[in-house]
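Please open the model in a viewer and keep the selection panel at hand.

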Amino acid sequence: MWRRGVSLSSMLSSSKSRLLNQVQVAYGFNACQVFSTHVLNPAEDGVSGARRKPFVTFVLGNNVKLVLLFSLKPCYAYGNEGGPGSGKGTQCTRIVNTFGFTHLSVGDLLRKEIYSDSENGSMILDTIKEGKIVPSEVTVKLIKKAIEAGDNNRILVDGFPRSEENRIAYERVGGVEPDIVLFFDCPKEEMVKRVLNRNQGRIDDNIDTVKERLTVFEELNLPVIKYYSEKGILHKIDGTGTEDEIYERVLPIFAALR
Ligand SMILES: Nc1ncnc2c1ncn2[C@@H]1O[C@H](COP(=O)(O)OP(=O)(O)OP(=O)(O)O)[C@@H](O)[C@H]1O
Ligand SMILES: O=c1ccn([C@@H]2O[C@H](COP(=O)(O)O)[C@@H](O)[C@H]2O)c(=O)[nH]1
Ligand SMILES: [Mg+2]
């Protein structure tokens, strides 16, 4: 299931170089830099100090969650999708504990921005309250910064991409596509029940915002899931049952990476 990421530099024709230059101007960083900051495990690579391109996994749910996974293997995969309350964050925590990933929740990154006096704080607050999607330019920059801040090359990006526009923006900037995408499939009623019982003080855990998030999920997230499904890299996981039962379904996917 895991595929080797293609070297970005070897892929670059002059027209692609021009495109990446435009991306650099728009996003304020170079696509090549984003994915070249992770020190390889010398034991696996055999070259001490060498650097390897990351591999990414997205985790999606009935509201999109995304997991970016940078594995020690020469592969590149996207992460974690699923609707609001489908259990993406819960399962990410377990994957982190068992397999040593860093959990990068894009929703948490955005919430931190709200409380850090950033220039985008009030826009992000309004967008989350309304259950809509923050512009890709903002989100992609935050993801890039968070990835560069750590030294773990196994990262689960939870809750992104939430739209085709997100996906394309990320792939343009990173110059890569994911190897695997996890999608937690959960009935709407169950997701609503979980969100309303979450009790963590989230501004979007109310019935009106959840309804909007579900609409956004169906309109914008489902096409992303369809895209990955057609590429043959989507792992659709039954998101019903207990947390333990769901994790039993997740385990074999990550155990295969060892
Ligand atoms: N299998 C489960 N059964 C019952 N409750 C669950 C289950 N998995 C998670 N929960 C609970 O449901 C709530 C939502 O779970 P979680 O935060 O993991 O969902 P999420 O997909 O990350 O949601 P969001 O997209 O809104 O961040 C939490 O309170 C969590 O403890
Ligand atoms: O890529 C993203 C991720 C999140 N958002 C906004 O944040 C909230 C909450 O996200 P969770 O992943 O459920 O914590 C989401 O409803 C969006 O409003 C985003 O815009 N883009
Ligand atoms: Mg979550």
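Select I124 to begin: apart from its neighbours within four places in sequence, I124 is in contact (heavy atoms within 4.5 Å) with L110, E113, I114, V134 and V138. This is a predicted model, in which local features need pLDDT of at least 70, side-chain atom pairs count only at pLDDT 80 or more, and totals for chains, interfaces and linings use all residues. Residues are numbered from 1 along each chain as its sequence is written, chains are lettered from A and ligands numbered from 1 in the order in which they are written, and side-chain values use heavy atoms, with hydrogens and water left out.

Next, display helix α6 (residues 106-114) with helix α7 (residues 121-130); helices (H or I, at least four residues) and strands (E, at least two) are DSSP runs, numbered from the N terminus. Their axes come within 8 Å and cross at roughly 130 degrees. Axes are lines fitted to C-alpha atoms, for helices over the stretch in contact, and angles run from 0 to 180 degrees between N-to-C directions. The two helices are therefore oblique to each other (angles under 35 degrees count as roughly parallel, over 145 as roughly antiparallel, 65 to 115 as roughly perpendicular and the rest as oblique). At this contact, L110, R111, E113 and I114 of α6 meet G121, I124, L125 and I128 of α7.

How many of the nine residues of α6 are buried? Seven are, so α6 is largely enclosed by the rest of the structure; buried means under 20% relative accessible area, exposed over 50%, partly exposed in between (1.4 Å probe, protein chains only). To see them, select V106, G107, L109, L110, R111, E113 and I114. The buried residues of α6 pack against β3 (102-105), α7, α8 and β4.

Finally, select L104, V106, L110, I124 and F160, which touch the most other members of the 19-residue largest nonpolar core. Such a core is a set of buried Ala, Val, Leu, Ile, Met, Phe, Trp, Tyr and Cys residues joined through side-chain atoms within 4.5 Å. A second, separate core of 14 residues includes I95, F101, L156 and F184.
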